[in-house]
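Here's a quick tour of a structure, written for someone just starting out. Have a look at the chains first, then read through the points below.

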Amino acid sequence: MFNICLIAGLIYFYTNNYSYGIWKMALKEDLKKVIVEGLFLEDIKPEEIKDDELLFGNESLGLDSLDAVELVVQIQKHFGVEIKNIEEGTVAFQSINTLAAFIEERQ
Amino acid sequence: MRIYVKGIGTAGGFGCGVEKLVSALSNGESRTKAVTLGVKGKAEVEAQVFVTDTSALFSFIPKKSLRRINNYSKLALLGASLAIEDSGIKDLDRTRMGIIIASGYGAMNTTFSFLDSVIDEGKDEHASPIHFSNSVHNSAAAHVSILMKIEGPSLTVSQFEMSFPSALLTARRWLEEKRVDSVLLGGVDEFSGVLGYCGQRLFKKDDVSGIKPFEFNKQTAIPGGGAAFFILTRDTDNDSEYCIIEDVSIGKLTTDKISIPEDSYLFIGADGNKISGQKYQHFLNNKNIVAAYSPLYGSFPAAAALDLAVAGVSMKKNRIFASPEYSGLKDGLRIIKEESKINHEKICCLKICDHDEYALIRVSKNNS
Amino acid sequence: MIQGKHIAVSGIECICAAGLNLKDCVDSMFSNIRNVATPSGFSSNHKTVYPVFEIPGSSPFLQNPQIFKTGQLALEAAHGAVKKAGLDKKNLQQKRVGVCIGTTVGSSLNNEKFYQEYRSGKDPDMAPIKRFLRSNPADLIAREYNLSGPCQTIVNACSSGTDAIGIGASWIQAGICDVVIAGGADELCRVTYNGFISLLIVDSSPCRPFDVSRAGLNLGEGAAIFVLESEKSLTERKIAPSAFICGYGSSSDAYHLTAPKPDGAGLKRAITDALEESGVFASDIAFVNAHGTGTENNDRVESMVLDLMLNGVPFHSTKGYTGHTLGASGAIEAAFTSAFLVAGKIPSSIGFSKKDPELHSSPQAENKQIDGNFAISESLAFGGNNSVLVIGRGSEPL
C-alpha cells in the first residue's frame with residue numbers, strides 16, 4: 001500500500017514538474033518570439049536567443065533603451081504583467097531566464 | 001545668393017537613382033502598382049499608385065541598422081545616401097552639414113500603426129513606443145542624422161505642397177549665413193493607403209488612366225510616394241554641379257507679379273489635382289516652352305523636389321526631356337514633345353497650391 | 001557663422017496653462033502657481049492618471065470646431081502679438097510678411113475615431129480629415145491676415161518653436177521679409193499622451209525638473225507668437241522693440257531617436273553658435289531658460305552642459321508651470337525669457353527642491369532678481385536636435 005502511494009506520489013510529483021517544465025519552456029519560447037517580432041529583429045530567429053545570454057548590452061542583439069520600453073509594452077500585452085518603471089525592467093530584462101522568472105512570479 | 005546642386009539622389013515609382021530617373025524621362029513610362037484603397041468593405045476601391053522599392057538602401061546601410069526603421073525614413077535614407085554618393089565629394093564635413101527634410105504628410109503609415117497598437121485591444125497601455133517615436137515628422141531627419149553621422153542643424157518642414165520650396169528657402173539661408181557649408185535637402189512622402197482613400201473620398205477622380213497635368217478641368221491625380229535629395233553648397237571649385245539655384249520666390253498669386261524669363265523652360269508642378277491645376281493655365285503662353293513631369297512619379301507634395309531633380313538632370317545632361325503627357329494642351333502653346341539637346345540655360349520650376357500660394361525656383365547652368 | 005544683426009521683436013503673446021496672455025503667465029509664475037490637473041479634454045484607460053497642464057476648453061477662443069485646437073491657439077496668440085505690435089490686417093498688407101510656426105500635433109493626421117471606423121470597413125465622416133487639412137498653423141495665420149510672404153510650418157518635435165523663431169529672424173536678416181510672425185503652437189491629445197507614457201518618461205505627479213526625485217515630464221499645451229520686424233519697418237512706425245532675437249544656434253547629436261547624447265556635444269555646439277552669431281559673451285548672459293523637462297536623461301545632460309559652458313549663470317525650467325508643450329515649448333519659453341529680462345527677475349524652477357548629487361548644477365529654487373540684457377532659451381528635441389536662442393532685452397513692457 002505504502003509503495004503504491006509512494007509510486008503514485010512520485011508520478012504526481014514528476015508529472016507536475018514535467019508539466020511545469022513544459023510550461024516554463026513554452027514561456028521562454030514565447031518570450032523569444034515576442035522579442036524577435038515585437039522589436040523587429042529581422043535577422044535573428046527566436047531559437048537563436050540563448051536562455052542565459054544578456055538581452056541588453058549585448059552587441060549581437062543590439063537592443064537599446066527604446067527596445068526596453070517597447071518590451072515593457074509587449075510583456076504587458078502578451079503576458080498581462082505590468083512593469084511600472086524602467087528600474088523594475090532593468091532587473092527583469094537581464095536574460096530570458098530572469099524575464100521568465102519575473103513573469104512567473106507575477107502571473 | 002546662388003547655390004550649387006552638387007549631388008542628386010532620387011527614388012520613386014521609376015526606380016532608384018538619377019540614371020533610373022533619366023530612363024523614365026527618356027522613355028516616358030510611368031510605373032504604377034495596383035492597390036486596394038480602403039479597408040475591405042464598402043469603402044474598397046482599386047487604384048493605381050506610385051510606390052517606391054527601397055531595397056537598394058541595403059547597399060548603403062546594413063539591414064541590422066535598419067531594423068526599426070519605417071518606410072518613410074527608409075525613403076529619406078535612400079534619397080540621402082544616393083545624393084551623397086552621387087556628389088562624389090570625398091571630404092564632406094558632416095559636422096558642417098545641415099539636414100532639411102520637406103514632407104507633406106510625414107510618417108503616415110507609422111502614425112496608423114501607432115493607433116493600431118492602441119485600438120487593437122482597446123488598451124492605452126498597449127501603445128507602442130517604437131511606433132510613436134517613429135511617427136513624428138522629424139524621425140526621418142533624425143535617422144539620417146544618426147545613421148549618416150551628420151551633426152549640423154536638422155529641420156523638418158511640413159507645409160503641404162509648399163513644403164519643399166519653403167525648405168529650399170531655409171537651405172539657402174543656412175548657406176548664406178555660413179551656418180553650414182553644405183545642406184542635404186530632401187523632399188519625401190510615402191504612399192499611404194489611408195491617405196489614398198481620403199483622396200478618393202474628397203476628390204472624385206475622373207475615369208482616365210495616368211496623370212493628365214494639362215487636362216486642367218479633370219481630377220487625374222494619382223497618389224504615391226518618393227524622394228528627391230540634393231547636396232547643396234555655397235560655392236563650387238569645378239563644373240561638376242548639376243545646376244545653380246539662382247532664386248526661390250514664394251508668395252501669393254493674387255498679390256505678386258510673377259515673371260518668367262522668355263529664355264527659360266517652364267516646368268509646372270501640375271499633378272492632376274484639379275483645384276491647383278487650373279491655376280497653371282495663366283502661365284501657359286506662347287513664349288515659354290513648358291513641361292510637366294508628374295505623370296512619371298505621382299501626385300504628392302514632395303514631388304516638387306522631383307521636379308527640381310528633373311531640372312538639375314536636364315541641365316547636367318544637356319538634354320531636355322519630353323513632357324510625358326500633354327493631352328488637353330491648347331493649340332499654339334509650346335510644349336516639349338520630344339527629347340532633344342537643351343537650348344536654354346534657364347529652367348523655372350513653378351508650384352501652385354489650392355489657395356493661391358506659389359513657389360518659383362529659378363535654376364541655371366554654370367557657364368563660368 | 002556670420003555675426004548677425006539683433007532682430008527686433010515688436011509684439012509677443014503667449015497662452016498656456018499658466019495664463020491666457022503673457023502678463024498673466026508671468027504673474028502666475030512669480031506667484032509660483034501650478035495649474036496642473038487630470039486631463040479633461042480627453043479620456044484614457046491607463047491605470048494611472050498622468051497630470052497635464054491644460055487650457056480650459058471653455059476659453060472663448062477655442063470654440064471653432066472647424067480647426068484643430070492647435071490652430072485656434074496659434075491664431076489667438078497671433079492676434080495678441082500683432083495687436084501689441086501696433087499692427088493690423090490693413091498695415092500688414094503693405095509689408096512683406098512671412099509666417100514661421102513650430103508644431104507637432106498641428107500637422108498630425110491621427111484622428112482615432114476616423115481611423116477606427118475606417119479600419120472596420122465603414123465609410124467614415126470626412127470632417128476630421130477636412131479639419132486637419134484646414135489646420136496647418138502657418139497657413140491659418142497667413143490666411144487670417146491675407147499675407148503673401150513665405151510660409152513654413154516646422155515639425156522638429158520639441159525644438160520646433162525655437163527653430164521657428166530663429167529661422168523667422170533669418171528671413172528678416174536676409175531682407176526676404178519686413179515682418180515675420182514666428183512662434184509655436186501645440187495641443188494636448190490622446191495620441192501624444194499615450195505615446196509619451198509608453199516611453200516611460202511621464203511623471204504621475206507634477207514634474208520636478210532637475211530634482212533628485214524627478215520621474216519624468218508632464219505634457220502641456222499652448223502657443224506663443226513673436227512679431228519679428230526689420231529695423232527699417234520699426235523705425236518707420238516709430239515703435240520700440242519689446243525684445244531682440246540676437247542669435248540662434250542649432251546642432252544635431254546624431255546619436256539616438258529618443259535619448260540625448262550623454263556628452264551633450266550637440267547642445268554645446270548650438271550654444272557656441274548662438275553666442276557667436278549674437279556677438280554676446282557667456283559672461284553677458286543673465287540667466288538660462290533650460291529645456292528642463294524633468295526626465296532623467298534630459299536634465300542630466302543639460303545641467304552638465306550648462307555647468308561647463310555657462311558656469312555660475314542662474315538657470316531654471318519653466319516646465320513646472322506649463323508642462324512640456326512640445327512644438328510650442330521653444331516659443332513659449334522664448335516669450336517668458338523676453339518678459340523676465342524686462343522684469344529683471346526669474347521665477348523659481350518650480351518642482352525643484354532637492355539637489356541631485358549626480359547633476360553638475362542645480363536650478364534656482366526661489367524667485368531671483370537678475371541683472372543683464374541678454375538671456376538664453378534652449379530646447380533639446382526628440383531625434384537629437386538642439387536649438388538655442390540668445391534673446392536681448394527690449395525697452396517695452398510685455
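Let's start with one residue: C:Glu296 has a relative accessible area of 39%, so it counts as partly exposed. Keep in mind that this is a predicted model.

**Salt bridges**

- C:Glu296 has a partner: it forms a salt bridge with C:Arg300, and their closest N and O atoms are 3.0 Å apart.
- C:Arg300 is partly exposed too, because its relative accessible area is 27%.
- The two sit 4 residues apart in helix H11 (residues 296–309) of chain C, so about one helical turn separates C:Arg300 from C:Glu296.
- In general, side chains of opposite charge can pair when their charged atoms come close.
- Over all chains, the count comes to 48 salt bridges.
- One of them joins the side chains of B:Arg68 and A:Asp64, at 2.7 Å from N to O.
- That pair crosses between chains: B:Arg68 is in the loop between strand S4 (45–49) and H2 of chain B, while A:Asp64 is in the loop between H1 and helix H2 (65–79) of chain A.
- Another salt bridge, at 2.8 Å from N to O, brings together the side chains of C:Arg214 and C:Asp356.
- C:Arg214 lies in the loop between helix H8 (190–198) and strand S6 (219–220) of chain C, and C:Asp356 in the loop between strand S11 (345–346) and strand S12 (368–369), so the pair ties together parts that are 142 residues apart in sequence.
- Buried or exposed? Both C:Arg214 and C:Asp356 are buried.

**Where chains B and C meet**

- Here, 70 residues of chain B are in contact with 74 residues of chain C.
- The two chains bury about 6,100 Å² between them, and 58% of that is on carbon and sulfur atoms.
- On chain B's side, B:Asp124, B:Phe132 and B:Arg179 supply 11% of the area it buries against chain C, more than any other three residues.
- There are 9 salt bridges across this interface.
- For example, the side chains of C:Arg119 and B:Asp116 meet in a salt bridge, 2.7 Å from N to O.
- B:Arg179 also turns up in a network of salt bridges, linked with B:Arg173, B:Glu176, B:Glu177 and C:Glu277.

**Nonpolar cores**

- The largest nonpolar core has 107 residues, and B:Phe267 is among those that touch the most other members, as are B:Phe230, B:Leu232 and C:Leu228.
- Helix H9 (residues 303–317) of chain B gives this core its largest share, 10 residues.
- Apart from that core lies another, of 71 residues, including A:Val36, A:Ile75, A:Ile96 and B:Ile119.
- What does B:Phe267 contact, leaving aside neighbours within four places in sequence? Its contacts include B:Tyr293, B:Val310, B:Ser314 and B:Leu350.
- B:Ser314 lies in helix H9 of chain B, and its 0% relative accessibility is why it counts as buried.
- B:Ala76, in helix H2 (residues 71–87) of chain B, is also at 0% relative accessibility and so counts as buried.
- B:Ala76 and B:Leu232 are 156 residues apart in sequence and 16 Å apart in space, C-alpha to C-alpha.

- A:Phe2, A:Leu6, A:Leu10, A:Phe13 and A:Tyr14 make a nonpolar surface patch of about 570 Å².
- A:Leu6 belongs to helix H1 (residues 2–38) of chain A, and its 42% relative accessibility makes it partly exposed.

Key
Residues numbered from 1 in each chain as written. Chains lettered and ligands numbered in written order. Predicted model: local features only at pLDDT ≥ 70, side-chain atom pairs only at ≥ 80, totals over all residues. Heavy atoms only, no water. Core = buried A, V, L, I, M, F, W, Y, C linked by side-chain atoms within 4.5 Å. Buried < 20%, exposed > 50% of the residue type's maximum accessible area, 1.4 Å probe, protein only. Contact = heavy atoms within 4.5 Å. Patch = residues over 30% accessible without salt bridge, like charges linked within 9 Å, V, L, I, M, F, W, Y side chains within 5 Å. Areas by Shrake-Rupley, 256 points an atom, 1.4 Å probe, with all protein chains shown as cover. Salt bridge = Lys/Arg side-chain N within 4 Å of Asp/Glu carboxyl O. Buried area = accessible area lost by both parts, 1.4 Å probe.
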